[in-house]
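Please keep the sequence and the structure in view while reading.

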Amino acid sequence: MAAAAQEKIFTTKIETEEKIEPKDWMPDAYRKTNLRQISQHAHSEIVGMLPEGNWITRAPSLKRKAILLAKVQDEAGHGLYLYSAAETLGMSRDEMINSLHEGKAKYSSIFNYPTLTWADMGAIGWLVDGAAILNQVMLCRTSYGPYARAMVRICKEESFHQRQGFEILWVLSNGNAEQKAMCQDAINRWWWPSLMMFGPTDSESTNSDQSMKWKIKRKSNDELRQQFVDMCVEQVKVLGMQLPDEKIKWNEKRKHYDFGEIDWNEFWNVVKGNGPCNKERLAARRKAHEEGQWVREAAMAFAAKRNTKKTAA
Amino acid sequence: MNTSLVKYILHLGDTTLILAQQNSKWCGHGPVLEQDIALTNISLDLLGQARNFYQYAAELMNENEKSTKDFIQSLGMQTDEKITEDILAYHRKERFFFNLLLTEQPNGDWGQTILRQFLYSRFQYYLYEKLQEHPDTQIAAIAAKSIKETTYHLRWSSEWVIRLGDGTAESHERMQNAIDNLWPYTGEMFLPADFEADVKIDFSGLKNKWLDAVTSIVKQATLSLPENENKVYMHTGGKEGRHTEHLGYILTELQYMQMAFPGANW
């Protein structure tokens with residue numbers, strides 16, 4: 001079929017809300033954008049296991065330990081679905097992982113912040129997972145079929161994680177003075193990085209316009225960020241805590257909360273690799289991969305031996 | 001309160017808790033994503049088993065009798081607070097933990113972690129098979145529920161022992177090292193402690209069954225048991241609270257929050 005005709009079919013599908021599937025024709029740039037976004041998302045799940053994994057052995061009760069272990073394990077599962085979804089676009093998981101380890105592929109910058117206290121497990125659940133969900137709910141309707149379907153499964157688990165996180169903070173906020181202080185401190189440290197999770201402002205966002213046209217994205221970074229602020233301002237009241245931004249104020253004209261300016265210098269520095277834990281996170285992933293090399297080789301060698309035996313028999 | 005019975009329940013809980021804690025350190029650091037998930041699953045199962053045992057022990061220890069209070073004190077714990085699963089896990093010091101020494105051995109490489117799981121799961125399976133018939137219905141019920149999980153742990157770890165033993169020259173050597181490292185911690189499983197006198201388990205029969213089954217997998221993995229495996233000098237003491245140096249560090253990490261914030265709820 002001529003390229004123009006194929007493109008027309010593709011465009012019609014996008015317009016009529018029909019999903020694009022792996023075997024369908026798609027523009028190279030559409031393939032590339034999806035591959036970049038889905039693999040980044042997969043990497044974020046995997047790197048995201050590290051800051052929370054940091055507290056598994058120190059969780060303050062057996063119940064909390066079980067919940068945290070299960071949560072971090074869910075993230076590994078999300079990574080798996082997403083790598084599989086990305087593989088349908090023609091790149092192997094190994095290639096994607098290599099490009100993460102070589103520093104070429106990005107992952108969500110939020111995971112370059114340290115988890116200093118137990119309260120951070122709550123703040124990550126409430127704020128980080130909360131911010132992620134707004135993005136992910138939108139992605140359940142994204143135009144690429146395998147990505148949309150993976151997101152539907154992931155969203156169910158994520159909203160559970162967010163409730164768990166909020167519940168950790170809720171217990172702290174009803175605890176003793178030290179626990180309350182720990183809770184407020186975690187909110188103070190995670191608030192601004194969570195706002196940064198939505199990416200640069202719309203005027204600075206390079207990939208946004210085309211992604212909206214292709215219905216990969218359906219809401220702009222600033223729209224989602226505003227939605228998040230509006231939601232959190234209400235939820236923080238339940239905790240009896242403060243968001244660390246004096247400029248938060250209801251704007252009757254916009255029917256939204258106004259909020260202060262994000263430190264974009266910090267944002268770009270963390271993106272570029274200068275955040276508090278960029279080096280540690282990547283080093284931990286590389287170490288796991290390198291130390292697992294002999295295991296993967298042995299599994300392949302064993303499988304090959306068994307195949308030879310089967311053929312011989 | 002039957003102190004032997006409670007000590008035995010604590011021994012079962014401690015063994016599964018410490019192994020869960022050790023395995024959980026791999027979460028996020030496994031050699032391949034699918035296996036990271038699998039080992040975390042095992043860790044979660046073992047943690048669940050530990051919680052079942054602790055909850056039952058706590059129930060028995062909350063009787064308001066002097067002998068019970070004396071027993072709690074003999075474990076270095078306060079008698080003025082209600083015993084819970086968390087009190088048992090977080091407020092006991094290393095000399096009052098009764099887990100098997102095998103479970104507190106370092107993770108080492110993936111091979112050593114796999115082998116530790118295999119040696120224990122093989123034992124746990126045969127033990128819990130018997131415990132399902134324990135006269136104490138609660139122990140029997142926990143064993144019956146747990147053995148379903150153990151069946152999976154055993155299958156998974158056996159497959160990996162074979163795969164790594166019969167994989168590459170490097171993986172073979174690593175597995176052989178793991179056997180040599182861990183073997184001296186296996187004898188303790190079959191040496192009954194005082195509190196096991198009433199358990200009515202034929203430990204030497206259990207040992208023979210275990211050894212046969214382990215030998216078969218080791219053979220399939222093209223590995224070998226240490227020479228004169230029955231004569232290897234065995235470390236003991238875990239069941240009496242006399243541990244290797246590793247346990248102190250494991251508990252330091254495990255109990256940190258409860259030690260740093262006494263009395264807080266989480």
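## Salt bridges within helices

In helix α10 (residues 221–239) of chain A, D222(A) and R225(A) lie three residues apart, about one turn of the helix. In this predicted model, the two residues form a salt bridge, with their closest N and O atoms 2.8 Å apart. R225(A) is buried, at a relative accessible area of 2%, whereas D222(A), at 27%, is partly exposed.

Helix α12 of chain A holds another such pair, E291(A) and K287(A), which are four residues apart, again about one turn of the helix. Their closest N and O atoms are 3.6 Å apart in a salt bridge; E291(A) counts as partly exposed at 48% relative accessibility, and K287(A) is partly exposed with a relative accessible area of 48%.

Which residue does R64(A) meet in a salt bridge? Its partner is E167(A), at 3.0 Å from N to O, and the pair links distant parts of the chain, since R64(A) belongs to helix α4 and E167(A) to helix α7 of chain A, 103 residues apart. R64(A) is buried, with a relative accessible area of 4%, while E167(A) is partly exposed at 31%.

## Where the chains meet

Between chain A and chain B, 46 residues of chain A are in contact with 47 residues of chain B, and the two chains bury about 4000 Å² between them, 68% of it on carbon and sulfur atoms. Three salt bridges are counted between these chains, including the one in which the side chains of D166(B) and K305(A) meet at 2.9 Å, N to O.

Terms used:
Residues numbered from 1 in each chain as written. Chains lettered and ligands numbered in written order. Predicted model: local features only at pLDDT ≥ 70, side-chain atom pairs only at ≥ 80, totals over all residues. Heavy atoms only, no water. Contact = heavy atoms within 4.5 Å. Buried area = accessible area lost by both parts, 1.4 Å probe. Salt bridge = Lys/Arg side-chain N within 4 Å of Asp/Glu carboxyl O. Helix = DSSP H or I, 4+ residues; strand = E, 2+ residues; numbered from the N terminus. Buried < 20%, exposed > 50% of the residue type's maximum accessible area, 1.4 Å probe, protein only.
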